[in-house]
Amino acid sequence: MEPKFRPLRVAVMASGNGSNAENIARHASACGERLCVPVIICDRPDAFVIERAKKLGIPCEVIPRDGTKEAHEAKIAETLARHDIHVIFLAGYMRILSPAFIRAWPRRIINIHPSLLPAFPGRDGYGDAFRAGVPVSGVTLHYVDEGVDTGPVIAQKTFERRPDDTLETFRARGMELEYQLYREFIDTLVRSAAA
Ligand code: GRF
């Protein structure tokens with residue numbers, strides 16, 4: 001029998017380790033059929049996320065950064081269309097998307113950032129916050145707009161810096177909160193799809 005609803009189809013884009021991508025994919029499949037991750041897109045052929053995707057049984061489309069950014073994004077756009085994607089979750093995707101690409105996906109690109117935005121935007125949120133000695137830091141889930149880490153905030157979680165923290169322990173505590181934020185967001189999407 002045909003399902004009575006169309007599942008929300010989410011593409012995850014990642015460039016590196018892929019722990020967020022794995023968390024998203026596992027939570028999505030635990031949430032039933034209203035939301036699925038039909039593809040992970042990766043721009044680095046040596047990224048560990050490719051191994052994770054294999055283990056998860058999710059197709060991973062590796063689209064290396066050859067040629068111009070425009071040509072690279074055209075390949076990404078073609079991949080998203082081929083997989084009939086509705087929403088993009090950035091999860092450690094390390095290339096800034098062009099304004100043209102972002103405009104094609106209004107409020108449909110979400111990013112996880114490892115700081116309490118607007119504090120510490122950029123590539124190394126944990127490192128920058130840790131070195132600045134902030135007593136409290138956090139993580140931010142936000143829509144992607146044309147600026148760098150400036151889009152509307154969906155949710156944030158905070159954590160305290162402990163006196164004996166190293167950058168590694170500090171980051172590890174933040175990562176757990178990143179996973180929680182994406183899981184909670186998926187829950188919200190699933191609930192609203194069911195309403
Ligand atoms: C995360 O800290 C994410 O917030 C940042 O890059 C890191 C990616 O980690 N943008 P992983 O690849 O998901 O393990």
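The legends below describe close-up views of a predicted model.

The model is predicted, with local features requiring pLDDT of at least 70 and side-chain atom pairs counted only at pLDDT 80 or more, whereas totals for chains, interfaces and linings use all residues. Residues are numbered from 1 along each chain as its sequence is written, and side-chain values use heavy atoms, with hydrogens and water left out.

**View 1. Helix α1 packed against helix α2.**
Helix α1 (residues 19-30) and helix α2 (residues 49-56) pack with their axes 9 Å apart and at an angle of about 20°; helices here are DSSP runs of H or I with at least four residues, strands are runs of E with at least two, and both are numbered from the N terminus. The axes are lines fitted to C-alpha atoms, for helices over the stretch in contact, and angles between N-to-C directions run from 0 to 180 degrees. The angle makes α1 roughly parallel to α2 (under 35 degrees is roughly parallel, over 145 roughly antiparallel, 65 to 115 roughly perpendicular, and the rest oblique). The crossing of α1 past α2 is right-handed, a term used if the near helix is turned clockwise from the far one by less than a right angle, with anticlockwise giving left-handed. From α1, Ser-19, Ala-21, Glu-22, Ala-25 and Arg-26 meet Val-49, Arg-52 and Leu-56 of α2, where contact means heavy atoms within 4.5 Å. By class, the residues of this contact of α1 with α2 divide into 4 nonpolar, 1 polar and 3 charged (Ala, Val, Leu, Ile, Met, Phe, Trp, Tyr, Cys and Pro count as nonpolar, Asp, Glu, Lys and Arg as charged, and the others, Gly among them, as polar).

Arg-52 lies in helix α2 and counts as buried, because its relative accessibility is 17%; buried means under 20% relative accessible area, exposed over 50%, and partly exposed in between, with a 1.4 Å probe and protein chains only. Leaving aside residues up to four places away in sequence, Arg-52 touches Asn-17, Gly-18, Ser-19 and Glu-22.

**View 2. Helix α1 packed against helix α6.**
The axes of α1 and α6 cross at roughly 35° and come within 10 Å, and the crossing is right-handed. On the α1 side the contact is made by Ser-19, Asn-20, Asn-23, Ile-24, His-27 and Ala-28, and on the α6 side by Met-175, Glu-178, Tyr-179, Tyr-182, Arg-183, Ile-186 and Asp-187. This contact of α1 with α6 has 6 nonpolar, 4 polar and 3 charged residues.

**View 3. Helix α5 and its packing partners.**
In helix α5 (residues 125-132), the buried residues are Gly-125, Tyr-126, Gly-127, Ala-129 and Phe-130, and these pack against β5 (109-113), β6 (136-143), β7 (153-160) and α6 (167-194). Gly-133, which follows α5, has a positive phi near 75°. With α6, helix α5 packs at an angle of about 130°, the axes being 10 Å apart, and that angle makes α5 oblique to α6. Here too the crossing is right-handed as α5 passes α6. Tyr-126, Gly-127, Ala-129 and Phe-130 of α5 make the contact with Leu-167, Phe-170, Arg-171, Gly-174, Met-175 and Glu-178 of α6, a set that divides into 6 nonpolar, 2 polar and 2 charged residues.

**View 4. Trp-105 in its loop.**
Trp-105 is placed in the loop between α4 (99-103) and β5, where its relative accessible area of 10% makes it buried. Its contacts, not counting residues up to four places away in sequence, are with Leu-80, Ile-85, His-86, Val-87 and Ile-88.

**View 5. His-142 in strand β6.**
His-142 is found in strand β6 and counts as buried, at 2% relative accessibility. Residues up to four places away in sequence being left out, His-142 touches Ile-109, Ile-110, Asn-111, His-113, Leu-117, Asp-149, Gly-151, Pro-152, Val-153 and Ile-154. Of these, Ile-109 is 33 residues apart from His-142 along the chain, and their C-alpha atoms are separated by 8.6 Å.

**View 6. Cys-31 and Cys-36.**
A search of the whole structure finds 0 disulfides, a disulfide being a pair of cysteine sulfur atoms within 2.5 Å. Cys-31 is in no disulfide, and the nearest cysteine sulfur, that of Cys-36, is 12 Å away. Cys-31 is partly exposed at 22% relative accessibility, and Cys-36 is partly exposed with a relative accessible area of 23%.
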